[in-house]
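Please look over the following chain with attention to its sheets, its core and its side-chain pairs.

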Amino acid sequence: MFTDKVQLHLQAGRGGNGVVAWIREKYIPKGGPAGGNGGRGGDIIVRSSNHFYALDRYRNIREVAADNGQDGGANSRIGKSGKNCVVEVPTGTIVKNVATGEIIHDFIKADESLLLCQGGKGGKGNECFKSPTNQAPTKTTPGLPGEEISVEFELKLIADVGFVGMPNAGKSTLLSALTMQKVKIGDYPFTTLVPNLGYIEFDDFSRVHIADIPGLI
């Protein structure tokens, strides 16, 4: 089945927690605080691509989440940041906010990137709270949650030319001959069940995109 509309809940990563730690060295009997900060949560980035032409990969997915940041460590070590999550969509996809119906972005070009959800900041370790009056702080802060949003991806099929006709009129055969696109061709009605896209490239590298539309009665 050709999928041109899906809804996803996107969740950026949570920041790691700050920790309580102390300097433990042989000749430093009263080592000070050395608790590191937590790492930053991963972002959710949406990117357009010309390598696929439908939203089929998200048909059975409802939630997408980036990695959380790791907690801080001893010896003032900062936790590792969470890995960003890149959500690829076909060029021509509209991103809508499900709650408000607002159009967030329209991907009209390939390789466009949109930072949709920002990861949470990491918490502070106890080293950040040392002062002349408090040389042994035990205070830390937790990591902040990442941003989240429910979005709808709606795909617009972008083509300069569309083949419209009765079943078995030769639309798929013509598309295959013009664009060298490998499409299913048969001598029975409704061989083409989903739209097929191809393009003709000219000497100046300009392109004309062609859509083979399923047979109409």
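The report below goes through the strands, the nonpolar core, the aromatic pair and the salt bridges in turn.

## Basis of the model

The coordinates are those of a predicted model, and the values below are to be read with that in mind.

## The five-stranded sheet

Five strands make up an open sheet with mixed pairing, and their order across the sheet is β3-β1-β8-β5-β6. Its edges are formed by β3 and β6, each of which pairs on one side only. Ignoring direction, neighbouring strands of this sheet are turned by 25° against each other on average.

Strand β5, which covers residues 93–97, has four of its five residues buried, so it is largely enclosed by the rest of the structure. Towards strand β8 (residues 148–155), β5 runs antiparallel and is joined by five bridges; among the residues involved, Lys 96 has Glu 152 of β8 as its bridge partner, and Asn 97 is partnered in β8 by Val 151. With strand β6 (residues 103–106), β5 also pairs in the antiparallel sense, here over three bridges, and the partner of Ile 94 in β6 is Asp 106.

## The three-stranded sheet

A further open sheet has three strands in the order β9-β11-β10, again described by mixed pairing. The edge strands are β9 (161–163) and β10 (196–201), each of them pairing on one side only, and the twist from one strand to the next averages 25°.

Within this sheet, β10 and strand β11 (residues 207–212) are paired in the antiparallel sense over six bridges. One of the residue pairs in this arrangement joins Ile 200 to Val 208, its bridge partner in β11.

## The nonpolar core

The largest nonpolar core has 22 residues, and those with the most contacts inside it are Leu 10, Ile 44, Val 87, Leu 116 and Phe 153. Two or more residues are given to this core by each of β1 (5–11), β2, β4, β7 (113–117) and β8, with β8 providing the largest share, four residues.

What does Ile 44 touch, when residues up to four places away in sequence are not counted? The residues in contact with Ile 44 are Leu 10, Gln 11, Ala 12, Val 64, Ala 65, Ala 66, Cys 85, Val 87, Leu 114, Leu 115, Leu 116 and Cys 117. Among these contacts of Ile 44, Leu 10, Val 87 and Leu 116 are also named with the residues that have the most contacts inside the core.

## The aromatic pair

A search of the whole structure finds one aromatic pair. Tyr 58 and Phe 153 form this pair in an edge-to-face arrangement, with 6.4 Å from centre to centre and 65° between the planes. The pair links distant parts of the chain, since Tyr 58 lies in the loop between β2 and β3 whereas Phe 153 belongs to strand β8, 95 residues apart. Both Tyr 58 and Phe 153 are buried, and Phe 153 is also one of the residues with the most contacts inside the largest nonpolar core.

## Salt bridges

The salt bridge of Glu 88 with Arg 57 has its closest N and O atoms 3.8 Å apart. This pair links distant parts of the chain, with Glu 88 in strand β4 (residues 85–90) and Arg 57 in the loop between β2 (44–49) and β3 (63–65), 31 residues apart. Glu 88 counts as partly exposed at 28% relative accessibility, and Arg 57 counts as partly exposed at 44%.

How values were computed. Residues numbered from 1 in each chain as written. Predicted model: local features only at pLDDT ≥ 70, side-chain atom pairs only at ≥ 80, totals over all residues. Heavy atoms only, no water. Buried < 20%, exposed > 50% of the residue type's maximum accessible area, 1.4 Å probe, protein only. Pairing = 2+ DSSP bridges. Axes fitted to C-alpha atoms, helices over the stretch in contact; angles between N-to-C directions. Salt bridge = Lys/Arg side-chain N within 4 Å of Asp/Glu carboxyl O. Core = buried A, V, L, I, M, F, W, Y, C linked by side-chain atoms within 4.5 Å. Contact = heavy atoms within 4.5 Å. Phe/Tyr/Trp six-rings, centres within 6.5 Å; stacked < 30°, edge-to-face > 60°.
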